[in-house]
Amino acid sequence: MIQTNSGLRSLVQSLRPITSSLSEIAAYSCYTSQAASALQQVSRPNSYSYNFMTLIEAFGFLLFVGGDSSEDEYAKVDWDNLGFGITPVDYMYTMKCSSDGKFEQGQLAPYGNVHLSPSAAVLNYGQASCNFNPFSIIENFPDCVRYFGLYEGTKAYRTEDGRLLLFRLDQNATRMKMGADRLCMACPSSYQFIDAVKQTALANKRWIPPRGKGTLYIRPLLIGSGAILGLAPAPEYTFLVYASPVGNYFKEGLKPLNLCVEEEFHRATRGGAGGVKSITNYAPVLKAMARAKSRGFSDVLYLDSANKKNLEEVSSCNIFLVKGNIISTPATSGTILQGVTRRSIIEIALDHGYQVEERAIPVDELMDADEVFCTGTAVGVAPVGSITYQDRRVEYNVGEESVSQKLYSILEGIKTGVIEDKKGWTIKI
């Protein structure tokens, strides 16, 4: 089966330059998460040659995903040197929605470029809004803002015994729905979201690293793909899911981070979209990040824009402070993302006897904390070794006996099947 799969995959890949140009008229087999062994649907394009190409690729894909799991192949990747970047995999998932707000049946297709009109809403309004300056301090964010772009992040894990697990997809689906409501976008149902991620993970299972070598990072993306000139909701939305095998997010690997507090630039403002995973929340942090990294820091810790007094987030992750038995993290009051890893760490900490406080945290409390750590899907649970604020550098406890390490070990144990999942957080595929 392995040799057959490998040969078919080579044939399929050799045909991709031809079939990719036909992507708008060729459909591939669809399968449910429960049964990937039957070809459910192949479209009938007008050209018999097109149909032949489609059938070959669909058949090769079907054999790949339908084979015995004990005969899985790994992709040719240097698993010992994975960074956090794009490694093109085999398949991506696409689903579209028209003005009626309903998403059609999605489909897997070869990983490749996405075709968009130059007037697609995501290109015109994805990073601009009503002359809003993302670095200014404002109290009331305009209600007319439309961003037309949301994304999520999740991972697929390979266990020691070869099982493939996903983690708390319901939370990602719910968060995307919240973001879509905020940005006036149509959104897939939770079932559609979870099924699409499952299909993408299973289709690219040979790209899921061996346990301990990394994960398959999966990115669901919702964009306003419909053409529009004026500022209004897009007439069409596209839901995409793509993936890439990744290692550690920070170049430091598992070493403690070295952060600095940013006082000039701000990540989010009151009344804005800081509490949802809008694509526009990330471009404004790049300047501050670049400046910090040029000074030798790992990343930036932002303060609230109104008073420049309270902690908010690091560029792409939530932050926690530890003092004795008390773990504190900024409350998600509209400017801070409700991280899935954040919520999981809070629940694990409560289960293990820690007192957890979600509240406004003055920046001065950094000076007195025992530990600081960051959480996020990409970063996991990352210990912070030091933070610099107004030229004062404070160091924190790190190491095997730290609170963050204990919580990290429990969380990763659940994700990778080492620790029994009593909460129903993981999904086997």
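**Exercise 1. Overall make-up**

State how many helices and strands the protein has, and what share of its residues count as buried.

*Solution.* The secondary structure comes to eight helices and 17 strands. The model is a predicted one. Of the 429 residues, 53% count as buried. Sequence separation can then be considered: among contacts with a separation of 6 or more, 72% are accounted for by residues 24 or more positions apart.

**Exercise 2. The nonpolar cores**

Identify the largest nonpolar core, the residues with the most contacts inside it, and the element that gives it the largest share.

*Solution.* Step 1: the largest nonpolar core has 44 residues. Inside it, the most contacts belong to Phe-103, Leu-150, Leu-216, Ile-218, Leu-222, Tyr-237 and Phe-239.

Step 1: list the elements that give two or more residues to this core. They are strand 1 (91-97), strand 5 (164-167), strand 6 (215-224) and strand 7 (237-246), together with helix 3 (121-125), helix 4 (169-182) and helix 5 (190-203). Helix 5 supplies the largest share, six residues.

Step 2: look for a separate core. A second one of 24 residues includes Leu-257, Val-261, Ile-361 and Ile-387.

Step 3: take Leu-216 and leave aside its neighbours within four places in sequence. Its contacts then include Val-89, Thr-154, Trp-207, Ile-208, Ala-243 and Pro-245.

**Exercise 3. Helix 4 against helix 5**

Describe how helix 4 and helix 5 cross, and which residues make the contact.

*Solution.* Step 1: two packed helices are described by the angle between their axes and the distance between the axes. For helix 4 and helix 5, the axes come within 9 Å and cross at roughly 125°.

Step 1: classify the angle. Helix 4 is therefore oblique to helix 5. The crossing is right-handed.

Step 2: assign the residues. Helix 4 contributes Leu-169, Asp-170, Asn-172, Ala-173 and Met-176, while helix 5 contributes Ser-190, Phe-193, Ile-194 and Val-197. By class, these divide into six nonpolar, two polar and one charged.

**Exercise 4. Helix 7 against helix 8**

Repeat the analysis for helix 7 (residues 340-351) and helix 8 (residues 403-415).

*Solution.* Step 1: the packing angle is about 110°, and the axes are 10 Å apart.

Step 1: an angle of 65 to 115 degrees counts as roughly perpendicular, so helix 7 is roughly perpendicular to helix 8. Helix 7 passes helix 8 in a right-handed crossing.

Step 2: on the helix 7 side the residues are Thr-341, Ser-344, Ile-345, Ile-348 and Ala-349, and they meet Leu-407, Ile-410, Leu-411 and Ile-414 in helix 8. The contact has seven nonpolar, two polar and no charged residues.

**Exercise 5. Two single residues**

Locate Ile-86 and Lys-177, and decide for each whether it is buried, partly exposed or exposed.

*Solution.* Step 1: Ile-86 lies in the loop between helix 2 (48-66) and strand 1. Exposed means over 50% relative accessible area, so Ile-86, at 54%, counts as exposed.

Step 1: beyond its neighbours within four places in sequence, Ile-86 is in contact with Tyr-111, Tyr-242 and Ser-244. Ser-244 is 158 residues away from Ile-86 in sequence, and their C-alpha atoms are 5.7 Å apart.

Step 2: Lys-177 is found in helix 4. Lys-177 counts as partly exposed because its relative accessibility is 38%.

Notes
Residues numbered from 1 in each chain as written. Predicted model: local features only at pLDDT ≥ 70, side-chain atom pairs only at ≥ 80, totals over all residues. Heavy atoms only, no water. Core = buried A, V, L, I, M, F, W, Y, C linked by side-chain atoms within 4.5 Å. Buried < 20%, exposed > 50% of the residue type's maximum accessible area, 1.4 Å probe, protein only. Helix = DSSP H or I, 4+ residues; strand = E, 2+ residues; numbered from the N terminus. Contact = heavy atoms within 4.5 Å. Axes fitted to C-alpha atoms, helices over the stretch in contact; angles between N-to-C directions. Parallel < 35°, antiparallel > 145°, perpendicular 65-115°, else oblique. Left-handed = near helix turned anticlockwise from the far one by under 90°. Nonpolar A, V, L, I, M, F, W, Y, C, P; charged D, E, K, R; others polar.
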